[in-house]
Amino acid sequence: MDYLKISISMLIISCLCNISCAQLRVGFYNSSCPRAESIVREVVLKSVPTGRRDGFVSDVFEVDLPGPELSISDAAQFFVVKGLTLNDMVALMGAHSVGVAHCGFFQDRLSDFQGSGKPDPTMNPALAARLSRTCGRQSRPLNKDPTVNLDQNTTLTLDNEFYHQVRSRNGILQIDQELALDKSTASLVFRLAANSSLFRQAFAAAMIKLGKVEVLVGKNGEVRKNCRVFNKSARPKTPKRKTH
Ligand code: HEM
């Protein structure tokens with residue numbers, strides 16, 4: 001199961017290719033990561049080539065990623081500076097319909113939210129109670145932190161269920177929940193929840209754009225033969241821990 005989650009996550013995040021790696025092709029990971037390929041293809045209806053170059057290091061302290069506590073407008077800025085729109089961000093967040101989050105990323109929502117002495121009022125109380133049982137009250141290092149599914153319903157399917165979940169106040173991350181509440185994103189969340197074809201189209205289009213952001217070229221990084229591991233010949237001597 002972990003294998004599948006990691007494969008899906010890595011494929012979603014890093015698989016798409018642009019002209020600078022045009023030697024690659026549709027179905028590049030068909031044999032090495034068949035389940036991840038097929039899950040993504042269920043959503044991405046267009047023929048999208050896979051096999052974007054990956055770097056050799058992915059370290060939580062080196063990446064420039066938005067945090068789950070950001071407001072929608074602050075998070076959107078991370079996307080806008082890369083040439084993506086607010087609507088692209090909303091569509092891409094549908095990727096949170098698979099995979100997990102460590103308790104530490106949403107623990108503050110479960111009790112004494114913003115000093116209120118209570119859980120985050122935007123979280124379904126039944127969900128807050130359930131998550132509290134899994135996570136407890138203690139903060140821990142990331143590698144010892146329990147995880148929970150980001151999508152409480154169709155956990156292993158990349159689909160528009162994520163949008164139903166956040167509209168039902170079952171968003172795990174604060175930013176996921178905010179998508180359904182913020183007036184700049186709520187109507188698109190509503191439409192994506194109501195129309196799975198629209199989600200597929202919007203997600204595919206945004207993934208193609210995301211795949212063209214800051215592509216590694218030349219000798220930087222490598223195209224992985226197997227989507228979840230370094231190629232043997234290029235494996236760095238001291239690889240750092242992989243993170244989201
Ligand atoms: C504002 C933007 C985003 C924020 C704040 C965010 C935040 C997070 C956080 C905190 C986690 C949990 C990580 C962990 O506990 O290890 C997570 C997981 C995940 N995110 Fe995002 N994310 C964002 C955008 C995206 C995008 C654009 C994609 C892909 C298109 C994506 C795909 C995923 C996936 C697949 C997982 C599950 C990883 C796993 O199971 O190991 N996220 N995200």
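I looked up what covers helix H7 and found that its buried residues are covered by elements including H3, helix H4 (86–92), helix H6 (161–167) and helix H8 (186–194); helices here are DSSP runs of H or I with at least four residues, strands are E runs of at least two, and both are numbered from the N terminus. I work from a predicted model, in which local features need pLDDT of at least 70 and side-chain atom pairs count only at pLDDT 80 or more, while totals for chains, interfaces and linings use all residues. Residues are numbered from 1 along each chain as its sequence is written.

H7 (residues 174–181) is mostly covered, with seven of its eight residues buried, where buried means 20 or more other C-beta atoms within 10 Å of the residue's own, exposed means 12 or fewer, partly exposed lies in between, and C-beta atoms are placed from the backbone. Among the buried residues of H7 I noted Asp176, Gln177 and Glu178.

I then turned to Thr154, which sits in the loop between strand E4 (147–149) and H6. Thr154 is partly exposed because 16 other C-beta atoms lie within 10 Å. Leaving aside neighbours within four places in sequence, I find Thr154 in contact (C-beta atoms, placed from the backbone, within 7 Å) with Ser97, Asp159 and Glu161. Thr154 and Val98 are 56 residues apart in sequence, yet 8.0 Å apart in space, C-alpha to C-alpha.

Last, I checked Pro66, which an unreviewed UniProt entry lists under "binding site", bearing in mind that such positions use the numbering adopted here, that feature names are shortened, and that annotations may be inferred rather than shown by experiment. Pro66 lies in the loop between strand E2 (49–50) and helix H3 (72–80).

Note on methods: Contact = placed C-beta atoms within 7 Å.
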